Amino acid sequence: MRSLLVVVVACVAVSSAVYALAGNPSACCQQFKDCNSCQVYDPTSAACQGLGFYPCSWCPSTGSCQPKAETCAPTALNGSIDNCDIEQPFERFRTCEACMANELLGWCPQDERCYFTGRHNHPYGLPGACEAFATVGPFVFETGYTNGVGPCAAIRPTERYTDCTACRKSSYHGKSQTVVNGWCPSEGKCYYAGNQDGASQPANITCESTPTEGPFITGSANICACIPSERTSCSNCTGGADCWRYPLGWCPSTNQCLYGANASVAGCRASAQDGPYQKTGSASCATIDPTHNFTSCSACQTASHTSYSERLGWCGSANQGSGACVALNSRNQPDAGTTCTLTDTAGPLIPFFDNSGTDCNCANPAKQYRDCHACTDSLCLMYNPTVSAGWCATAVNDDGTQGRCLLYNTSTSPPQPLNGTCAYDASIGGYVTQSASCECLDAAANATTCDACLNTAGASGMCNGGRGWCSCPDGTHTCLVTHPLERYSKTPFAGACPAKCDIYYDPNGGGSCTTPWRQGSRRRLRTYTEGATYAVHEKKA
């Protein structure tokens, strides 16, 4: 029994000796006051004897060195156990770049503080702690660069980027995080838009879309060219290949590039002088501002045939009667701002619809045709069956010249100009609509002999009974033009040849210069030789 007790006591003594040789973990670790010294490989102090390698761990939450066997919960503010390089990140790192040098940390732009993440996409243990806002951006947690842009360059976009290109280039596209910034043209500000390109609005706020500035835009930096106010010509406005998501159009009436799929959305009012809204994809910039760009009917017609998406027409009464190229609506009528009136001097509204090249024949006839043959030979009637052109020999032009081409209604008989009558003068003529009749005009000035008067031949043939020779007893004579309404009457020259004078005339054309068509009231015998004088012998009736 005594020997058993001796053995037990001896065992206890050996056990106590072993414990003493192993050291004291708590005492061993407490002597180290910072993270780096706590991470000692093989402490040599007596308290650490026999504890092995790295017996201690630094707990940033308590700011103390503790035995490795003890637990230490990581926190967002303090970090995790044994990470000396990132301990106390909330107080230690005061810039995003310094914070993001370690993949276990993340930066919150709202409070501009660094947090431990433990490779999460939010502060450790605080998933909703850092909310994203449009002006400052989201919590960034990924280290790295894409296209030279790191996550720190993508945050606080509103205060950092003052132009669209810089704003769009600041977006970050990493492996596990995407930060998309977009430009609000109406405010001229850069905003965080989320984690996907194509966002229609910034995060948390609204960017107002306007016709002149367009909507909130995201995408490549080239998309900045889609801001309508940056585009100053029709071709530049409607030809943007990068702007397929942002429909633009050119408004000729205001000379502006506008955002909008149609004129109503863009707020563009079409006018006949300037043309309609030109949309991207179907624009016809060659036909804008037609009144100023196409100053003749033929130029207007060519422009219309060049562009099949727009319809132009010639309005002769526009531009104070000088005519103008105007844009037409779907009803073939001028757009707002122009009223086209059919007049005898200006002609009708001419909508261009084919390549015939003859549509302009009725355009501003008083200015287009300055001689009788050109006027009456025009093909105006062919493409405008209700009106045609005639020549008024007695009309006086603004420059003092005589004779004017005026339109008439083809259903009216006898023909007269649309807006009045053409005065008849026996020595000059009146209103004629046939080219042959042009030879009959200006009779008194152009024919000084009977034969020349009655048998005049011109480019269109004989005068065809449109003239008569008035020969009087006193030796005076003149060539007269037949009144159109009295050609077969007893007074074909409306009394211009006195009753005492002979008239040599044939209403069916030609005529004899030896036998009068009508003898004068004072009968006389006469002989006539071309170029000679008359011998007059008066007799009593």
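Predicted model: local features only at pLDDT ≥ 70, side-chain atom pairs only at ≥ 80, totals over all residues.
**Strands, a helix and a surface patch**

Glycine 313 sits opposite proline 351, a residue of strand β13. Strands β11 and β13 run antiparallel and are joined by three bridges.

Next comes helix α12, which spans residues 297-306. Which residues of α12 are buried? They are Cys297, Cys300, Gln301, Ala303, Ser304 and His305. The spacing in that list brings up a handy rule: an α-helix has 3.6 residues a turn, so residues three or four places apart point the same way. As for what does the covering, β11 (312-315) and β12 (324-327) are included in what lies over the buried residues of α12.

To count as buried, a residue has to have under 20% relative accessible area. Both faces of β19 are covered, with Arg467, Trp469 and Ser471 buried on one side, and Gly468 and Cys470 buried on the other.

Strand β19 also has pairing partners. With β20 (residues 477-481), it pairs in the antiparallel sense over five bridges. Within that pairing, glycine 468 has leucine 480 of β20 as its bridge partner. The two strands make a hairpin with five residues between them, and here glycine 475 takes a positive phi near 90°. Strand β21 (residues 502-504) pairs with β19 as well, again antiparallel, this time over three bridges. Across from tryptophan 469 in this pairing is tyrosine 504 of β21.

Finally, there is something to see on the surface. Tyr41, Phe53 and Tyr54 form a nonpolar patch there, and together they have about 340 Å² of accessible area. Where is tyrosine 41 found? Its place is the loop between α3 (35-38) and β1 (56-59). Tyrosine 41 has a relative accessibility of 45%, so it counts as partly exposed; a residue called exposed would need over 50%.

Notes:
Residues numbered from 1 in each chain as written. Heavy atoms only, no water. Patch = residues over 30% accessible without salt bridge, like charges linked within 9 Å, V, L, I, M, F, W, Y side chains within 5 Å. Areas by Shrake-Rupley, 256 points an atom, 1.4 Å probe, with all protein chains shown as cover. Salt bridge = Lys/Arg side-chain N within 4 Å of Asp/Glu carboxyl O. Helix = DSSP H or I, 4+ residues; strand = E, 2+ residues; numbered from the N terminus. Buried < 20%, exposed > 50% of the residue type's maximum accessible area, 1.4 Å probe, protein only. Pairing = 2+ DSSP bridges. Contact = heavy atoms within 4.5 Å.
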